[in-house]
Amino acid sequence: MSNFIKLEKLDNFSPFEGMKAKLVHTATQTFAFWEIEDGTILPTHQHYHEQVSYITKGELQLTIKDKTQILCEGMFVVIPPNTDHSAKALTKVSLTDVFSPVREDFPQ
């Protein structure tokens, strides 16, 4: 892959209805640039990756373990590895996730 990447030239990845992302993988991280439709629910799950999320547009209700918070534009959240989390888009949401290590379960 080139060192210079234009997001609009990348294919969409859609693991659930209502969610699509452009993915960029480096040697140590995966960046996912998500567009999530209003009302989309991401069921409770966990993975061995540390996840850092940044909300660029909209409102997302996020639950980590037993704590729930509404995230809005300009907010970051850090989700530790192997931690249950789920989400619901309260509006149309744009967000960026950074996973470490690389999400090998996402298309390369």
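Predicted model: local features only at pLDDT ≥ 70, side-chain atom pairs only at ≥ 80, totals over all residues.

User: Where does His47 lie in the chain?

Analyst: His47 is in a loop, the one between strand 4 (41-45) and strand 5 (50-57).

User: Which residues is His47 in contact with, leaving aside its neighbours within four places in sequence?

Analyst: Pro81, Asn82, His85, Phe99 and Arg103 are in contact with His47. With His85 there is also a polar contact, side chain to side chain, at 3.4 Å.

User: How should I read a salt bridge, and how many does the structure hold?

Analyst: Look for a side-chain nitrogen of Lys or Arg within 4 Å of a carboxyl oxygen of Asp or Glu. The structure holds two salt bridges. In one of them, Arg103 pairs with Asp105, and the closest N and O atoms are 2.7 Å apart. Arg103 is also among the residues in contact with His47.

User: Are Arg103 and Asp105 buried or exposed?

Analyst: Arg103 is buried, at 8% relative accessibility, whereas Asp105 is exposed, with a relative accessible area of 52%.

User: Which side chains meet in the salt bridge at 3.4 Å, N to O?

Analyst: Those of Lys6 and Glu8. Glu8 has a relative accessible area of 59% and is exposed. Lys6, at 49%, counts as partly exposed, because exposed requires over 50%.

Terms used: Residues numbered from 1 in each chain as written. Heavy atoms only, no water. Buried < 20%, exposed > 50% of the residue type's maximum accessible area, 1.4 Å probe, protein only. Helix = DSSP H or I, 4+ residues; strand = E, 2+ residues; numbered from the N terminus. Polar contact = N/O pair within 3.5 Å; in protein donor to acceptor, adjacent residues only side chain to side chain. Contact = heavy atoms within 4.5 Å.
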